[in-house]
Amino acid sequence: MKKSYLWWGLGILAFIGLLLWSRYLNPAPTPATNAEAGTILSVVSDDHMKGNPEAKVTLVEYLDFECEACRAYYPIIKQLGTEFPSDLKIVTRYFPLPGHRNSMTAAIAVEAASKQGKYWEMHDKLFETQETWGNKQMPTPQVFEQYAQEIGLDIAKLKADVADPATKARVQRDFDASEKLG
C-alpha cells in the first residue's frame, strides 16, 4: 500500500516538473495592457468590415479559414450581420493557426482577393468549401486559385498579390495582434 502512494507521489511530481519545464521552454506571450488592447481592437482603415460603420456594437472576429470551430460559427456570424445590419459592425481579422497546413495559404489568398474587392466572396467561398480543402497534408494553393476564378478574380493579379510580401505581412499583422491580446 505504501509503495502505491510512493509511485503516485512520484508520478505527480514528475507531471508537475514536466509542466513547469514546458512553460520554461515556451513562455506565454506578455498580455496586452488594457490601453494596448483598446488600440489593437480599434478598427483601422484596412480592416475587413461589414455592417454599419457607426454601429455601437463591434464584433471583432479573429479567424482561421481551416478551423472547424470558425466554420461552425460562420453561419451564426453571417446571420447576426443579416439580422442587425444597422446595429452591428463585424470586423474579421486573420488568425492562421500553425497546425493547419492550409490556413496561412488560405488567409493570403483571401487577402489577395481583397485587393480586387472580393474579400467577402472569397471569405464565404472558403468557409462553404472547407470540407473539400481543409485538413490536407500539404498546402493546396491551386484550389484557392480555382475558387478565385469562380468568383471572377483576375488570376494573374491574384498570383502577383499572393507572391507580394506585403500580402503576407498584412495577414501576419493580424496574427501578431491576436497573440498580443492573448
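Predicted model: local features only at pLDDT ≥ 70, side-chain atom pairs only at ≥ 80, totals over all residues.

Let me start with the rings. A pair of aromatic rings is described by the distance of the centres and the angle of the planes. There are seven aromatic pairs in the structure. Take phenylalanine 95 and phenylalanine 175: the ring centres are 5.1 Å apart and the planes are at 20°, which is under the 30 degrees cut-off, so this pair counts as stacked. Where do the two residues lie? Phenylalanine 95 is in the loop between strand E3 and helix H4, and phenylalanine 175 is in helix H9, so the pair ties together parts 80 residues apart in sequence. Phenylalanine 175 is buried, because its relative accessibility is 15% and the limit is 20%.

Now a second pair, tyrosine 119 with tryptophan 120. This one is edge-to-face, with 4.8 Å from centre to centre and 90° between the planes. Tyrosine 119 has a relative accessible area of 4%, so it is buried. Both residues belong to a cluster linked by ring pairs, which also includes Phe65, Tyr74, Tyr94 and Phe127.

What sits over the ring of tryptophan 120? It is the charged end of lysine 50, 4.2 Å from the ring centre.

Last, the histidine. Histidine 123 is in helix H5, which covers residues 119-128. At 5% relative accessible area, histidine 123 is buried. Leaving aside residues up to four places away in sequence, histidine 123 touches Leu63, Phe65, Tyr74, Thr92 and Val110. Phe65 and Tyr74 are also members of the ring cluster.

Conventions: Residues numbered from 1 in each chain as written. Heavy atoms only, no water. Helix = DSSP H or I, 4+ residues; strand = E, 2+ residues; numbered from the N terminus. Buried < 20%, exposed > 50% of the residue type's maximum accessible area, 1.4 Å probe, protein only. Contact = heavy atoms within 4.5 Å. Phe/Tyr/Trp six-rings, centres within 6.5 Å; stacked < 30°, edge-to-face > 60°. Lys NZ or Arg CZ within 6 Å of the ring centre and 35° of its normal.
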